[in-house]
Amino acid sequence: MKTRYFIILLCWISVGVAMGQEMSLDSCRQSLKRALLAGNSDSVATAYCHFGEYYAYRNYDSARYYNQKGLEAIRSSAMSISSSERVSLYCTLLINIADAYLADGNLEEAIRRNQFAKKEVERLRADVEYHTTILGTLGVLYRRCDKPDSALICYKEALQLLETITCMAQ
């Protein structure tokens with residue numbers, strides 16, 4: 001039963017990666033240009049997020065740079081982060097930055113960034129998918145850092161969250 005939840009989690013992550021790779025650089029540029037002309041900080045943050053996802057597996061420095069620009073744009077807005085769309089965008093940007101550190105091999109910084117993202121996801125009461133994504137990534141990071149007990153705790157917590165969702169859906 002738990003294996004099925006873990007497979008669902010991995011599929012969800014894979015879909016996100018595939019969606020990020022489908023974007024073209026030109027579409028990212030045009031999206032950012034439109035957002036900057038409109039002056040909407042959420043649209044600008046979203047456009048930078050798309051750039052970050054485009055570069056996620058091409059250039060880790062660029063991925064971090066654009067996702068960080070997205071965070072700056074969303075934080076510069078006069079409104080506090082409150083709507084579910086803003087929370088989702090904010091959490092996505094945090095996760096993308098942490099993933100760029102992981103992909104670049106900087107495991108300590110990836111752990112630090114994921115721990116911060118986890119606190120923010122909990123503070124903002126973001127969708128459980130963000131929480132399980134972070135926990136799964138932390139599990140991988142701890143395993144790679146020879147901390148199997150910590151990895152197991154993260155995996156177990158992610159599976160418990162997924163089981164809770166499944167029980168609520170039935």
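Colleague: How do the axes of helix α5 and helix α7 sit, roughly parallel or roughly antiparallel?
Modeller: Bear in mind that this is a predicted model. The axes of α5 (residues 84-103) and α7 (residues 128-144) come within 11 Å and cross at roughly 15°. Angles under 35 degrees count as roughly parallel, so α5 relative to α7 is roughly parallel.

Colleague: Which residues of α7 do the α5 residues meet, and what hand does the crossing have?
Modeller: The hand is quickly told: α5 passes α7 in a left-handed crossing. From α5 come Ser88, Cys91, Thr92, Ile95, Asp99 and Leu102. On the α7 side they meet Tyr130, Thr133, Ile134, Thr137, Leu141 and Arg144.

Colleague: How do the residues of that contact of α5 with α7 divide by type?
Modeller: Cys91, Ile95 and Leu102 of α5 take part, along with Tyr130, Ile134 and Leu141 of α7. Sorted by type, the contact of α5 with α7 has two charged, four polar and six nonpolar residues.

Colleague: And α6 with α7, are they roughly parallel or roughly antiparallel?
Modeller: Helix α6 covers residues 107-124, and its axis is 10 Å from that of α7, at an angle of about 155°. Over 145 degrees counts as roughly antiparallel, so that is what α6 and α7 are to each other: roughly antiparallel.

Colleague: What does the contact of α6 with α7 look like by residue type?
Modeller: α6 passes α7 in a left-handed crossing. The α6 side of the contact includes Leu107, Ile111, Lys118 and Val121, and the α7 side includes His131, Leu135, Leu138 and Tyr142. By type, the residues of the contact of α6 with α7 divide into three charged, four polar and 11 nonpolar.

Colleague: Where is Ala126, and which residues does it touch beyond four places away in sequence?
Modeller: Ala126 has its place in the loop between α6 and α7. Its C-alpha atom is separated by 7.6 Å from that of Ser84, 42 residues apart along the chain. Leaving out residues up to four places away in sequence, Ala126 touches Val121, Val87 and Cys91.

Colleague: Is Ala126 buried or exposed?
Modeller: The relative accessible area of Ala126 is 16%. Buried means under 20%, so Ala126 is buried.

Colleague: How do α4 and α5 run, roughly parallel or roughly antiparallel?
Modeller: The axes of α4 (residues 60-76) and α5 come within 9 Å and cross at roughly 155°. With the cut-off at over 145 degrees, that makes α4 relative to α5 roughly antiparallel.

Colleague: Which hand does that crossing have, and how do the residues of the contact of α4 with α5 divide?
Modeller: α4 passes α5 in a left-handed crossing. In α4 the residues include Tyr60, Asn67, Leu71 and Ile74, and those they meet in α5 include Tyr90, Leu93, Asn96 and Ile97. The residues of the contact of α4 with α5 come to three charged, four polar and 12 nonpolar.

Colleague: What is Asn96 in contact with, its neighbours within four places in sequence aside?
Modeller: Asn96 lies in helix α5. At a relative accessible area of 16%, Asn96 is buried, because the cut-off is under 20%. Apart from neighbours within four places in sequence, Asn96 is in contact with Asn67, Glu53 and Cys49.

Colleague: How does Ile165 count by accessibility, and how far is its C-alpha atom from that of Glu129?
Modeller: Ile165 is found in helix α8 (residues 148-169). Its relative accessibility is 30%, so Ile165 counts as partly exposed. Glu129 is 36 residues apart from Ile165 along the chain, and their C-alpha atoms are separated by 9.8 Å.

How values were computed: Residues numbered from 1 in each chain as written. Predicted model: local features only at pLDDT ≥ 70, side-chain atom pairs only at ≥ 80, totals over all residues. Heavy atoms only, no water. Axes fitted to C-alpha atoms, helices over the stretch in contact; angles between N-to-C directions. Helix = DSSP H or I, 4+ residues; strand = E, 2+ residues; numbered from the N terminus. Parallel < 35°, antiparallel > 145°, perpendicular 65-115°, else oblique. Left-handed = near helix turned anticlockwise from the far one by under 90°. Contact = heavy atoms within 4.5 Å. Nonpolar A, V, L, I, M, F, W, Y, C, P; charged D, E, K, R; others polar. Buried < 20%, exposed > 50% of the residue type's maximum accessible area, 1.4 Å probe, protein only.
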